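Student: I would like to learn how to read a protein structure, one feature at a time. Could you take me through one slowly?

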Amino acid sequence: MGVHLIVGAGLVGSTTARQLAERGERVRIVSRSGRGPHHPRVEHVVADATDAARLGDLATDATAIYNCLNPAYHRWLTDWPPMAAALLAAAERSGAPLVIAGCLYGYGAVTGPMTERTPLAATHPKLRMRADMWRDALAAQRAGRVHAVTEVRGSDYLQAQSIFSFVLGKPLLAGRRAVVPAPLDVPHTWTSVNDMAAMLVTAATDRRAWNRAWHVPSEAPLTIRELATRFTRAVGAPAPTLATLPAPVVRATGLFSPMLRELQTTAYQLRRPFVMDSTAATTTFGLRPQPLDDALREAAVLLGGVPGRPAGASDPHPAAA
């Protein structure tokens, strides 16, 4: 039996590793820290994701290679190119399909629901880079250098770092007002990390998924106000109190807050409807998104607590991540 080589041990990589292990697959998860889920079928390896030779060695017996990396956003322009090149080289050397955990940034600003056929029209260098990574991988496959490539694209995560975790989750759990650097009533698609992992596994193991991009099955879009209300109801927190941070204040605050400064690059995603259509994946593979309330309850635990318990306190019954 071959091994599923997952590069990147963040929440997406770790959740994918856990899902594969629970299916009875062998998993090798690679990170600089050697971390990842504890499971008898999961092997932890310390390695640098820019080391193409090392990744090639680790991929020798790979059934599939998963790019689950997520460098710091302010370092995308410097960190992504060598990482993407190393993973592509490992796929070329091993013959294993390469599956990329992608995002919607490559589309740029859109005027309607996004499908996998929406042009990758982003012009900002950081956003265009994500589109170029996919174009490079697909070109390598078409040239016969790589056996198969697939990109799985999700929207803002509910359980991992996103505007939800940054500005909504913690204050709402504590019963405080959440100040949001975006309009409150614009429809937006939100993706569960569990659904991203399930689509990655499907993309790696089902040949019908190869050599094209797929959108992660996700619940119907919600505005920030609707999401906040749904979150507080799901976890038993007080009804949400929300306020919008005006754009000029966001820009001024960005001088001191790296997170808010970087948010300006993708502010268009929150100022107008940003809706992802995942019909192709649901009809082709029969996948369905995780129930929203379940995902929100998991998010509450991952944010450091549940209502009535201080952030950071341990939960005796943690939800699966």
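Student: What share of the residues in the protein is buried?

Tutor: A residue counts as buried under 20% relative accessible area, as exposed over 50%, and as partly exposed in between, with a 1.4 Å probe and protein chains only. Here, buried residues make up 55% of the 321 residues. Please keep in mind that this is a predicted model, in which local features need pLDDT of at least 70 and side-chain atom pairs count only at pLDDT 80 or more, while totals for chains, interfaces and linings use all residues. Residues are numbered from 1 along each chain as its sequence is written, and side-chain values use heavy atoms, with hydrogens and water left out.

Student: How many helices and strands does the protein have?

Tutor: Helices (H or I, at least four residues) and strands (E, at least two) are DSSP runs, numbered from the N terminus. In this protein they come to 12 helices and 11 strands.

Student: In what order do the strands of the open sheet lie?

Tutor: Strands of a sheet pair through backbone hydrogen bonds, either parallel or antiparallel. Two strands are taken as paired if DSSP finds at least two bridges between them. In this case the open sheet has 7 strands with parallel pairing, in the order β3-β2-β1-β4-β5-β6-β10. At its edges stand β3 (42–46) and β10 (212–215), and each has a single partner strand, so one side of each is left without a neighbour in the sheet. From one strand to the next, the twist averages 20°. For a detail, look at β6 (residues 149–154), which is joined to β10 by 4 bridges, and where Thr150 stands opposite Arg212 in β10.

Student: Which strands does helix α1 touch?

Tutor: Contact means heavy atoms within 4.5 Å, and directions are compared through axes, which are lines fitted to C-alpha atoms (for helices over the stretch in contact), with angles from 0 to 180 degrees between N-to-C directions. Helix α1 (residues 11–22) packs on the sheet and touches β1 (3–7), β2 (26–31), β3, β4 (62–67) and β5 (98–103), its direction making about 165° with that of β2. Helix α3 (residues 76–94) lies across β1, β4 and β5, and runs at about 170° to β4.

Student: At what angle do α3 and α4 pack?

Tutor: Angles under 35 degrees count as roughly parallel, over 145 as roughly antiparallel, 65 to 115 as roughly perpendicular and the rest as oblique. Helix α3 packs with helix α4 (residues 125–142) at an angle of about 10°, their axes being 11 Å apart, which makes the two helices roughly parallel. Among the residues that make the contact are Trp76 and Leu88 of α3, and Pro125 and Met133 of α4.

Student: How is the aromatic pair of Phe164 and Phe231 arranged?

Tutor: Rings of Phe, Tyr and Trp (its six-membered ring) pair if their centres lie within 6.5 Å, and planes under 30 degrees apart count as stacked, over 60 as edge-to-face and the rest as tilted. The structure holds 6 aromatic pairs. Phe164 and Phe231 are edge-to-face, at 5.1 Å centre to centre and with 90° between the planes. This pair links distant parts of the chain, 67 residues apart, with Phe164 in helix α5 (residues 163–173) and Phe231 in helix α7 (residues 224–235). Phe164 is buried at 0% relative accessibility, and Phe231 is buried with a relative accessible area of 0%.
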